[in-house]
Amino acid sequence: MNDLKFSREICERCETFDCLTRCQYLKMDFATAREERGRLLQGEKARVLEECVTCYACEEYCSHGNHPFYHIVERQEQLGIWPVPKPVTKQQILMMAPKGKISPKKVQSPVVNMCYFPMFTGSIRGKLFEGASTIVGSDFFCNVMWLHFGKNSVIRERLPEVIANIWEHYLSDSGVEELVCFHDECYGTYTRLAPAFGIKVPFKPVHIFDYLNKRLDELKDRIQPLGQKVAYQRSCSNRLVPETQPWVDEIFKKIGAERVDRKYDRENALCCGTIFRAQQKDDLADDVQKRNLDDMAATGAKFCVFSCPACLFTLGESVFKRGIMPILLNDLCQIALGEGMKGG
Amino acid sequence: MEDVYQELARIVGPAYVSNQPEERFIYSRDPGTMEPREPDFVVLPATTDEVQKIVLLANRKKVPLVPMGGGLVLSGLSRPLKGGIVLDLKRMNRILEVNEKSRYVLVEAGTSQGMLQAYLKKNHPTLKHSVPDSPPMATIGGNVLIHGSGHLSHAAGFHSEMLNGLEAVLPTGEVVKIGSCSISPYWFGRAPLPDLAGLFLGWFGTTGVVTKVAIKLYPNRPWQDVGVFVTEDPELVPEVFYQAAGVQVAEDITAWMAPKPDWARGFQHVNINYAADTPEELIWKRNLIRASLKKLIDQKTGGFLPLPPPMKKNFLEAPQTTLAQFADVRKGGGFEYVGGIMPIELFPNAYRAGIEIAARQGTTYSTGARIIGPGHCMMFFFAYPFNRADEADVERARRALEETNGLVLDLGGIPWKAEAPAQRQILGRMDPGTLNLMDRIRAMLDPQGIMNPGNWEVR
Amino acid sequence: MEFADILHRCFRCGYCKFPDNYQDFNCPSYSKFRFETYSPGGRMWLLRAWLNQEIKTSPRLAEILFSCATCGNCVEHCVFPKFKDDILHAFLAAREEMVNQGIVPPAVRDYLKALQVHGNPYKLPGGEREKWSTGLDLEPYAGQEYLFHAGCVGSLDERGMKMARSVVVLLKWLGVPFGVLGAGEICDGNEARSLGEKGVFQSLREQNLQAFRTLGVKKVIALSPHAYHAFKNDYPRDPAPFEVFHYTQVLGARAKKLSGLSSANGLRVTYHDPCYLGRHNQEYQAPRRALKSVPGLQLVEMGRVKGNSFCCGGGGGNFFTDLLGGGPESPARARVREAAGTGASVLAVACPNCARMLEDAVKAQDLQGEITVKEISEIIQGPMQT
């Protein structure tokens with residue numbers, strides 16, 4: 001049930017092995033990548049299974065859309081490989097488990113899914129989100145996180161219920177079909193991951209960037225261009241939905257912010273490093289974070305936009321210490337709308 | 001007793017003595033489960049001279065005398081078991097001297113942990129003392145005298161080991177100085193003299209009233225971090241302790257285990273706090289600690305939690321305010337714990353037994369441990385919360401505590417700051433020669449038997 | 001008794017006695033008396049024992065309860081989030097019980113009696129209330145944007161009157177349109193409420209609401225943070241019949257205009273956050289904005305500021321009942337010692353109670369040569385030359 005839609009044939013026919021040769025961390029040459037591909041297809045232990053840092057990038061790199069990263073995760077679980085130590089993995093699975101605390105209520109469009117980030121619900125405010133309803137809690141957690149832990153089984157187990165919780169307790173009764181996803185991961189879950197595992201999604205996910213972009217058009221008379229340089233920290237999960245990147249450019253343009261040209265952006269983005277620490281790879285995390293922060297600082301950016309709460313928690317303090325204000329993209333838009341950081 | 005009251009009022013001033021029901025009620029209790037025992041008087045002296053006069057009075061009148069610091073031991077050691085005078089020493093809270101070069105501070109014994117911490121932060125920011133996790137109202141003197149431990153105990157041992165010297169009023173009224181201060185103007189240590197501090201450490205105020213203490217200070221390094229190492233097999237924890245403590249770069253190593261929240265049940269968390277003078281040094285220490293646990297990490301049987309900086313703040317606090325919050329778990333303002341001092345290899349036994357006791361007594365629990373020195377022993381605590389408005393709940397906690405005291409002794413440990421019933425258990429197992437020595441010391445120092453009677457009573 | 005259900009939840013851990021940096025005791029009554037009974041935790045346990053009849057009603061119990069200055073330090077620093085907000089509510093509920101039972105300290109009884117009989121604690125005729133503004137040519141309230149409320153201390157206490165005069169002169173200079181009620185003004189009722197005399201408070205509240213309604217008052221500027229607190233929190237809300245501002249908020253919002261008024265030439269000033277403006281109502285910035293409007297003024301902060309401010313001891317009715325008493329350990333004297341320790345030559349205040357308490361303490365502490373207590377508008381209008 002919910003088998004991964006991975007095509008062995010497509011993978012066998014691939015002659016570029018982009019998923020492996022373009023990896024920023026494994027640095028595989030062509031020959032090694034070919035061998036690794038073979039082992040993966042045979043279900044054997046492979047270097048990538050032990051060393052993958054789970055940055056999701058290969059999902060983007062694969063020119064065939066054949067889900068190489070999800071396949072890696074499947075193999076990890078099949079072969080009993082734990083990218084993150086067992087107790088840490090098991091505890092996280094318990095921590096993020098649904099708690100059955102659902103309070104059905106009528107909602108109205110736009111309905112913003114805050115996933116399991118209640119601490120950011122306060123940012124859904126002002127003209128930008130006028131009339132918005134929010135859904136938040138462990139029972140709406142999108143579960144994509146388990147890709148980092150080699151646990152597709154947890155996604156298969158929990159995701160259908162999460163989708164049902166959202167649809168049956170909130171959207172369906174209220175006659176709302178669209179769900180604005182606050183976090184890249186949620187949008188990635190409902191538009192990429194769920195279909196890849198054959199899980200049906202009855203509602204239409206809307207990416208927060210898409211929502212912001214359109215809303216800024218509606219509020220264009222209120223915009224006071226920021227005239228600031230802004231760095232963008234692209235999260236891992238945005239790799240699942242690379243089509244959303246042009247929206248970031250459009251939003252920046254509309255609010256008069258310059259998306260600074262830097263080395264570790266777009267396809268070359270670096271992971272925030274939290275998951276490296278979970279994998280006990282502190283040296284790698286230190287290195288990646290330093291390169292990323294040095295890169296941001298060199299641009300003279302005044303803000304760094306995060307679209308992922310985990311990235312924000314991980315890097316926010318360090319970014320701030322470099323004289324750059326960490327901020328969510330919707331909060332940056334609020335500033336451009338004259339509504340400040342806390343509702344004006 | 002009216003004459004005693006009048007005399008006390010003459011000594012400290014009428015504003016600082018009370019025989020009123022309100023003070024007698026409050027000072028008869030501490031926040032633990034022990035039954036109340038009312039004093040006849042509560043006195044708040046401000047100087048050693050006043051303490052001396054009170055001790056002489058108590059001697060003359062054969063009135064029991066119970067010194068009290070913060071009153072936060074939770075095992076009822078500052079309750080006057082046989083009435084008499086409770087001596088609340090917290091007015092004696094002056095910070096007398098900080099010797100930066102030799103890193104020590106001399107304080108009056110009633111100085112609170114919090115105020116010393118704040119004073120050092122402001123005036124001597126490169127120095128700190130070892131802060132226990134009791135609330136900041138706990139006193140320096142009280143905590144040292146009960147062999148307390150805290151945030152530097154992995155680095156430097158029990159707080160009693162950090163004692164450089166003390167001033168005390170003996171039960172017969174003499175004022176004595178113990179340590180280098182008895183000869184020198186400096187309070188640098190207890191060596192090389194015969195160590196008379198042992199006449200006061202761990203005696204629960206039965207051998208005199210300590211009025212001043214000098215304790216060691218340590219570098220207050222500006223960069224701090226914590227790693228939380230998680231396992232799900234208690235058998236691995238002694239190895240975690242042994243390895244991490246063996247590196248000797250951490251300041252504090254503590255374990256915590258609890259059935260709630262749900263995600264914590266069945267896991268053992270070891271917090272390893274370390275500090276450095278530069279970010280590079282901090283990373284170097286982190287890597288040393290991590291390397292010491294490489295085997296477990298490589299086996300995937302343990303690992304550090306990936307805590308983003310905002311989530312580390314609670315673990316970097318000293319004292320940790322979340323520990324006091326355990327008292328509201330039963331919505332009842334109470335908890336008490338048995339702190340078992342024992343070798344680190346007993347961790348799995350203690351851990352499992354604690355869970356069993358709680359289940360048997362129908363109470364919830366929290367357990368943990370603090371490493372003393374480079375793993376020379378640990379203070380393993382078994383904490384039981386209770387609702388003080390529900391006598392049955394209090395009784396459940398009491399029974400759990402009593403059973404736990406017995407367990408600790410059976411395992412080969414010793415309950416720390418033991419309440420009176422546990423003291424009797426301890427004495428019951430003590431070497432007769434040791435017992436006899438304790439008895440002789442008590443009799444010699446306190447012939448009238450006025451000092452905190454009912455505690456450490458050999459006979 | 002209301003809030004009796006939280007009393008047993010107090011652990012008596014003592015965090016309530018401290019500010020968050022633990023630098024000194026921050027509970028005024030504990031700091032003064034030093035018996036555990038006078039701490040918030042001691043009160044919680046005593047009240048429970050009293051309700052359970054483990055201890056009897058007594059003058060000492062009443063004194064312990066009424067010596068609380070209601071400064072809110074315990075609410076701010078208690079580490080138990082589920083009931084900390086109700087600590088003061090429990091103390092006030094207990095005070096109400098004692099008032100109802102007629103067992104209050106004599107000083108409390110005298111205050112409440114004076115308030116009931118004379119409408120003010122000074123036992124002065126109501127007509128005296130307008131004398132503070134003599135010679136200032138203030139307009140009676142007749143629909144101006146603001147009503148200025150001087151309060152009992154601002155109208156009838158010598159130091160309070162001086163402060164009220166200074167504030168209104170500055171408001172006039174700023175062009176703030178306001179009127180006063182003069183002899184028609186009555187007590188806001190905050191002290192009555194905080195001393196447990198609910199009936200008197202409710203009566204005063206109703207009278208004020210009626211008067212404001214009749215006059216069409218929509219905005220009130222309060223001189224005293226105590227009145228500000230009562231109007232904001234204990235008068236109706238949702239909807240509130242009028243908006244209330246503390247005068248420092250009005251000044252703070254006009255800081256740019258104020259900066260042209262005078263210059264301070266390096267004057268070192270430290271600011272005492274009054275409990276009923278600061279901790280109770282989270283207003284820490286407006287007074288500082290107002291002070292910083294003075295060019296050349298150096299604001300130096302004490303160790304205990306904002307949510308950690310150490311009460312002058314004038315709250316909870318103690319300004320009138322003096323249950324905390326004087327002496328070197330009185331909160332006010334401890335506070336002025338702390339202020340002098342910053343090296344500031346001026347201790348800025350924004351409350352008439354604080355002004356009086358701290359000024360008296362400076363004298364008692366023999367600090368007249370070192371530090372002077374001045375209210376914010378006094379500083380803005382005429383700083384001392386260094």
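Modeller: Go ahead, and keep in mind that this is a predicted model.

Biologist: What makes β12(B) and β14(B) a strand pair?

Modeller: Pairing takes at least two bridges between the strands. Strand β12 (residues 223-231) of chain B has 9 bridges to β14(B), so the two count as paired. They run antiparallel, and B:V226 stands opposite B:N273 in β14(B).

Biologist: And how do you know that β13(B) pairs with β14(B)?

Modeller: Strand β13 (residues 252-257) of chain B is joined to β14(B) by 5 bridges, in the antiparallel sense. The cut-off is at least two, so β13(B) and β14(B) are a pair. B:I253 has B:I272 as its bridge partner in β14(B).

Biologist: Why is β14(B) called mostly covered?

Modeller: A residue is buried when its relative accessible area is under 20%.

Biologist: Then why is C:Q298 called partly exposed?

Modeller: Its relative accessible area is 37%. Buried needs under 20% and exposed needs over 50%, so C:Q298 falls in between. C:Q298 is in strand β6 (residues 298-299) of chain C.

Biologist: What makes C:Q298 and C:R268 a polar contact?

Modeller: A polar contact has its N or O atoms within 3.5 Å. The side chains of C:Q298 and C:R268 are joined by one of 3.5 Å. Beyond the neighbours within four places in sequence, C:Q298 is in contact with C:G266, C:L267, C:R268 and C:V269. C:T270 is 28 residues from C:Q298 in sequence, with 8.4 Å between their C-alpha atoms.

Biologist: On to chain A. What are the domains, and which residues do they span?

Modeller: The assignment gives domain 1 (8-78), domain 2 (95-212) and domain 3 (215-336) of chain A. The C-alpha centres of domain 2 and domain 3 of chain A lie 22 Å apart. Their contact takes 24 residues from domain 2 and 29 residues from domain 3.

Biologist: How much area do domain 2 and domain 3 of chain A bury between them?

Modeller: About 2,500 Å², 67% of it on carbon and sulfur atoms. On the domain 2 side, A:L128, A:F209 and A:L212 supply 27% of the buried area, more than any other three residues.

Biologist: Why is A:E130 with A:R215 called a salt bridge?

Modeller: The closest N and O atoms of A:E130 and A:R215 are 3.8 Å apart. The cut-off is within 4 Å, so the pair qualifies. There are 3 salt bridges between domain 2 and domain 3 of chain A, along with 13 residue pairs in polar contact. On the domain 2 side, α9(A) gives the largest share, 6 residues.

Biologist: How do you know that B:R29 and C:E54 form a salt bridge?

Modeller: Their closest N and O atoms are 3.5 Å apart, and within 4 Å is enough, so they do. Chain B and chain C have 4 salt bridges between them, plus 13 residue pairs in polar contact. On the chain B side, α2(B) gives the largest share, 5 residues.

Biologist: And how much area do chain B and chain C bury?

Modeller: About 3,400 Å², 67% of it on carbon and sulfur atoms. B:E22, B:I26 and B:M137 supply 18% of chain B's part, more than any other three residues. The contact takes 46 residues from chain B and 41 from chain C.

Biologist: Last one: what makes A:D282 and B:R286 a salt bridge?

Modeller: At 3.6 Å between the closest N and O atoms, the pair is within 4 Å, so the label holds. Across the interface of chain B and chain A there are 6 salt bridges and 10 residue pairs in polar contact. On the chain B side, α8(B) gives the largest share, 4 residues. The area buried between chain B and chain A is about 2,000 Å², with 57% from carbon and sulfur atoms. In chain B, B:W263, B:K300 and B:P306 lose the most area to chain A, together 32% of what that side buries.

Conventions
Residues are numbered from 1 along each chain as its sequence is written. Chains are lettered from A and ligands numbered from 1 in the order in which they are written. This is a predicted model: local features need pLDDT of at least 70, side-chain atom pairs count only at pLDDT 80 or more; totals for chains, interfaces and linings use all residues. Side-chain values use heavy atoms; hydrogens and water are left out. Domain bounds come from an automatic or database domain assignment. Contact means heavy atoms within 4.5 Å. Buried area is the accessible area (1.4 Å probe) that two parts lose on being put together, summed over both. A salt bridge is a side-chain nitrogen of Lys or Arg within 4 Å of a carboxyl oxygen of Asp or Glu. A polar contact is a pair of N or O atoms within 3.5 Å; within protein, one must be able to donate a hydrogen and the other to accept it, and residues adjacent in sequence count only if both atoms are side-chain atoms. Buried means under 20% relative accessible area, exposed over 50%, partly exposed in between (1.4 Å probe, protein chains only).
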